[in-house]
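Good morning, and thank you for coming.

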Amino acid sequence: MAERRPVTVVSGFLGSGKTTLLRRLLGAGGGGGAGVAVVVNEAGAVGLDHHLVRQVAERVSLVGGGCACCERRDDLVRTLRELLDLDQRGIIPRLRRVVIETSGLADPAPILFTVTTDPVLRHHFAVDGVLVAVDALQGPEQLERHEESRKQISVADRILVTKTDLVEPAAVAGMTTRLRELNPAAEILRAGLDVSLDPALLEVGASGRAAPEVPRSRHRPTGALALTFDRPVDWIAFSVWLSLLLHAHGEEVLRVKALLDVAGVGPVAVNAVQHVVHRPEHLVAWAGAEPVSRLVMILRGLPVERVERSLRVFLEAA
Amino acid sequence: MCVLCGYLVTDLHWTEARFDQDGVGSAAHETPRRRQRLARIRIVDRVLRHYGLGVHDDWGATSYVVSNRKGASQLVEHLGQLWPAAERLAGQPLDPLDEGLLEDLAGG
């Protein structure tokens, strides 16, 4: 089977600069837009974003009139199948990547679910990762006031802080600390207009497979469980535990990211967004020097200590 | 609706992923596959016992059979289907954070 086409989900709160980011990443001579289809989900009646993106992207498909959540996944399926059809018939240049831009309030999890479970799509597309734009100007307030904004940060693989040219460096540093608390596993980068952006930033997977950073114990963020293991992890016990945890508390487990030593040659990368578990990947080698298992879980309202104890009891019981 | 509910499952469930891909489909592949299933059944059975249930392999080692003490049983393909089936048979939710369950598991 041909290699699956990577899908990057671009998310971010209203006004966080997603469209500007996409314009910069896909346009302006960098060649980043070649072979990239952009699927815009337009929540409003006026497809303003659609027109803006179309100026730089080669192909833009507008998904429905609502948001690309569970209710709308059929539209997303149809759009991606159409793109696949055009690609396979050679009507469009070879599809190198699909970028799905979500509306400001959309939850990215159903999009991942759709691509991962559709009987056709899952053989032709693979979710590469979630890129989230957050605005250095309005971001701090949005993060405090809006649960949706915090949730978007939680599911990110890579966070691009926009408008960093409009605030003091100290403000950017403070915001980065807050983002790190909310999502210890994501890569956080500045993306203001004073920074040049590499089109490769859309290729989230490369960093998605990197070992999540496990903060030192005294800086442990609330709501996140970050662990390292000094022994190989029993894959059977771990997967039984995680599947039961997600069954019972999937809504409260916003994100799971792990690189586990399962006593094989290379590590196993585990990546889950709420109930949606990506196919675990066996990597050929450890990227860093030390083969240490790392696990980061972002939890909402679950007792972190109890979750950790539960995991340890399951691993011991194996 | 989610993958854990068994929605459109014609693909391998993620918990069944194996990382020794040599000889998939061959006779040499069968032994480690069965060994892995047995290990999974052992730990799932210990969890289910806390709720008055049990699990065993079907004859072909392709499905799991979950049953309760009244003799009711259900065939499932993977853990994504097993936990909801177990909850129906137990008549209560299964929770890995349940202190009683953790004490049972820790106590051997």
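In which strand of chain B does B:S67 lie? B:S67 belongs to strand 2 of chain B, which covers residues 64-68. Please bear in mind throughout that this is a predicted model.

Let us stay with B:S67 for a moment. Is B:S67 buried or partly exposed? B:S67 counts as partly exposed, because it has 16 C-beta neighbours inside 10 Å, whereas a buried residue needs 20 or more. Leaving aside residues up to four places away in sequence, B:S67 touches B:L53, B:G54, B:A72 and B:S73. B:V55 is twelve residues from B:S67 in sequence, and the C-alpha atoms of the two are 6.3 Å apart in space.

I turn now to chain B as a whole. Chain B contains three helices and three strands, and their order along the sequence is α-β-β-β-α-α. Chain B has 108 residues, of which 26% count as buried. Among the contacts in chain B with a separation of 6 or more, 36% are between residues 24 or more positions apart.

Next comes the contact between the two chains. Chain B contributes 30 residues and chain A contributes 36 residues. On the side of chain B that touches chain A, the elements giving two or more residues are helix 1 (27-49), helix 2 and helix 3 (99-106) of chain B. Helix 1 of chain B gives the most, with seven residues.

Helix 10 of chain A, residues 235-249, packs with helix 2 of chain B, residues 79-90, at an angle of about 55°, and their axes are 10 Å apart. Helix 10 of chain A is therefore oblique to helix 2 of chain B. The crossing of these two helices is right-handed. On helix 10 of chain A, the contact is made by A:V240, A:S243, A:L244 and A:H247; on helix 2 of chain B, by B:L79, B:G80 and B:W83. The residues of this contact comprise four nonpolar, three polar and no charged.

Finally, I move to helix 4 of chain A, residues 108-117. How many of its ten residues are buried? Nine are, and the helix is thus mostly covered. The buried residues of helix 4 of chain A are A:P108, A:A109, A:P110, A:I111, A:L112, A:F113, A:T114, A:V115 and A:T116.

Thank you for your attention.

Technical notes
Residues are numbered from 1 along each chain as its sequence is written. Chains are lettered from A and ligands numbered from 1 in the order in which they are written. This is a predicted model: local features need pLDDT of at least 70, side-chain atom pairs count only at pLDDT 80 or more; totals for chains, interfaces and linings use all residues. Axes are lines fitted to C-alpha atoms, for helices over the stretch in contact, and angles run from 0 to 180 degrees between N-to-C directions. Helices (H or I, at least four residues) and strands (E, at least two) are DSSP runs, numbered from the N terminus. Angles under 35 degrees count as roughly parallel, over 145 as roughly antiparallel, 65 to 115 as roughly perpendicular and the rest as oblique. A crossing is left-handed if the near helix is turned anticlockwise from the far one by less than a right angle, and right-handed if clockwise. Two residues are in contact if their C-beta atoms, placed from the backbone, lie within 7 Å. Ala, Val, Leu, Ile, Met, Phe, Trp, Tyr, Cys and Pro count as nonpolar, Asp, Glu, Lys and Arg as charged, and the others, Gly among them, as polar. A residue is buried if 20 or more other C-beta atoms lie within 10 Å of its own, exposed if 12 or fewer, and partly exposed in between; C-beta atoms are placed from the backbone.
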